[in-house]
Amino acid sequence: MSKWNFYTAKELKPRGWMLRQLEIQAKGLSGNLHKVWPDVRDSAWIGGNCEGWERVPYWLDGFIPLAYLLEDEEMIQAAKKYIDAIIDKQASDGWICPCAENKRARYDTWALQLITKTLVVYYECSGDERVPDVIYRALKNYFELLRDGKISLFNWGKFRWFETFIALNFLKERYSDGWIGELARLLKEQGYDYDEAIELWKTPRKIWRFKTHIVNLTMMLKAEAVSYELLGEEYTDKAEKYRRILDEYNGTVFEGFTGDECLSGISPVQGTELCSIVEQMYSYEQLFAFTGDNKWAERLEVLAFNALPATISEDMWSHQYDQMVNQIACIKLFPFSHFGTNGPRAHLFGLEPNFGCCTANFNQGFPKLALSAFMHSQGRIINSVMLPSVLKAEGVSIELKTDYPFENKARYTINAQREFDFVIRIPSFAKNVRVNKKANKTEDVEIRVKEGKTDIELEFDVDVRLTDRPNKLKAVRAGSLIFSLAVPFEEKRIEYTARGVERKYPYCDYELLPKGDWNYAFCSDDFSLKFNGVGEYPFSKDKPPVTVVADMQKINWGTRIKLKSVCRKTPKSLKPISDIEKAELFPYGCAKLRMTEMPLIK
């Protein structure tokens, strides 16, 4: 296997549409959560009286790289305030979580696993030399408590044991202590073996289980990759085995899985939790880095360019807990919830619809994607995901100008003080690849870059095509982008206070009320692609950067019995009830209300 290493936020900076997306995020909920949300603002992690478990570590995990990528000094100081408070409160024996000593045995140490992972992120961004020792003492204490039986893994910590390996691998690079490997083995021994859960994934039911919890599963995909070396095991690509089974029985068109909140089967009208999207992205980033296998980077693109923006408002002040592939309304469900183990408001946009975990956790999605644009290994550099960026490291400067994935062109300007091998990962769907206007094999571009200046122009084509989906439905795809029929809607603001948490504009709740028809079918497989240019909002609901023109006709689709705001899983009838219409399909990430999987009628 070929391993790649990440660059830091000091070396790699976003540009173009990626920079605008991060700036929007910083002006939205991510950049203001510590000002408006009690569970972060008044957290026990910094001496307050609110939640002292996963929410501050989750938020910092995305807020920190966002702050450093944007070089926003106010945000950097806010991050430092939280990190300083956490470090200052670390106990003399190394325990770091806000929990009294006599309550440690009942404290779910998922929070410990998460905060050490977040501290690694902080160190990589800030270079704060306090951090390695803080992580060392926290995890050595963890080892001693587990070894002596004073605590044990249970609940979330038991099912997310592998998350600790981000920090353990960090320590292994700096220390040779034997306890690091012993802790790795202890965690695996006490942690859950997901091989035992596979049969449950094949028959999803509306029963809440850790074993079928969608976020546990998307985190788990990276487990072998991040742990096999420290455990002294052989890598067997378990992630691919697990992914295939999950996709076969719970797959979605954006290559995630249904889980609202546990696995929900094959259906375009079941939900997918936002936490699962950003965790699946992170798993794929780690899988590509540890294995060098292109399939993980390509799958990362599909999630990042479709599922992630689809479930967050354009201004990034609100988000959904659950998104649906065919989502015709976002209205409180009545008289019952359509979702497997989530409530009737889970698909509303808001501050914390359903549960607040996604409020804190969605922040990591775009910043960590930006940090995955370029990677390096033994003097080689790879452009792993084509995102507009500038890289300055190791005597090399690379500027990448591109509107990918909306347009399939890229221009690289390289200034080098040394020779090096430069690799551009080419997606498997690319056709007619041209490098500096010359035909190139449809495979990774590898160039030996000399000292001085080098310009590279890359172009390729993609087909706009129908892809097969279960239940005899189809979806339109062009490269990494999925396209949907956007349903026009009216936004209804809902401002209120519940359990002491205020929801007010712009971080109130929102219902999306449909104001147009959605009951369509494809009546041709002939499509045309139109590039419109990327505007102020890259995933704009009004001015999408790229569209597909399709021939469509209305059919009698129908809604769920007693739930008029949820369409049927499959249409009642395929008989056309209108003339052929020219419809403009939007990228999935731009269409907040949408029909994505539809039948093809002739």
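Are Tyr-412 and Phe-422 buried or exposed? In this predicted model, both Tyr-412 and Phe-422 are buried.

**Aromatic pairs**

The structure contains 35 aromatic pairs. One of them joins Trp-17 and Phe-305, whose ring centres are 6.1 Å apart; the planes meet at 70°, so the pair is edge-to-face. Trp-17 belongs to helix α1 (residues 16–27) and Phe-305 to helix α16 (residues 294–310), so this pair ties together parts that lie 288 residues apart in sequence. Trp-17 and Phe-305 are both buried.

Tyr-412 and Phe-422 also form an edge-to-face aromatic pair, at 5.5 Å centre to centre and with 70° between the planes. Tyr-412 is in strand β9 (residues 409–416) and Phe-422 is in strand β10 (residues 420–424), ten residues apart.

Elsewhere, one aromatic cluster is formed by Trp-156, Phe-159, Trp-161, Phe-162, Phe-165, Tyr-192, Tyr-194, Trp-208 and Phe-210.

**Charges over rings**

| Charged residue | Ring | Distance of charged end from ring centre |
|---|---|---|
| Lys-368 | Tyr-282 | 4.1 Å |
| Arg-493 | Tyr-505 | 3.8 Å |

**Gly-365**

Gly-365 is part of helix α18 (residues 365–370). Its relative accessible area is 3%, under the 20% cut-off, so Gly-365 counts as buried. Apart from neighbours within four places in sequence, Gly-365 contacts Val-278, Met-281 and Leu-308. Arg-299 is 66 residues from Gly-365 in sequence, and the two C-alpha atoms are 14 Å apart in space.

**Cavities**

How many cavities of 30 Å³ or more does the structure hold? There are two cavities of that size. By class, eight of the residues lining the largest cavity are nonpolar, two are polar and two are charged.

The second largest cavity has a volume of about 40 Å³. The residues that line the second largest cavity are Gly-251, Thr-252, Ile-266, Ser-267, Pro-268, Arg-469, Pro-470, Asn-471 and Glu-597. By class, this lining has three nonpolar, four polar and two charged residues.

Methods: Residues are numbered from 1 along each chain as its sequence is written. This is a predicted model: local features need pLDDT of at least 70, side-chain atom pairs count only at pLDDT 80 or more; totals for chains, interfaces and linings use all residues. Side-chain values use heavy atoms; hydrogens and water are left out. On a 1 Å grid over the protein atoms alone, a cavity is a set of points where a 1.4 Å probe fits but cannot get out, and a pocket is an open set with protein on both sides within 12 Å along at least five of seven lines; lining residues have an atom within 4 Å of a point. Grid points are joined across faces, edges and corners, and a volume is the space filled by probe spheres set on the points. Ala, Val, Leu, Ile, Met, Phe, Trp, Tyr, Cys and Pro count as nonpolar, Asp, Glu, Lys and Arg as charged, and the others, Gly among them, as polar. Helices (H or I, at least four residues) and strands (E, at least two) are DSSP runs, numbered from the N terminus. Buried means under 20% relative accessible area, exposed over 50%, partly exposed in between (1.4 Å probe, protein chains only). Contact means heavy atoms within 4.5 Å. Rings of Phe, Tyr and Trp (its six-membered ring) pair if their centres lie within 6.5 Å; planes under 30 degrees apart count as stacked, over 60 as edge-to-face and the rest as tilted. A charge sits over a ring if NZ of Lys or CZ of Arg is within 6 Å of the ring centre and within 35 degrees of the ring normal.
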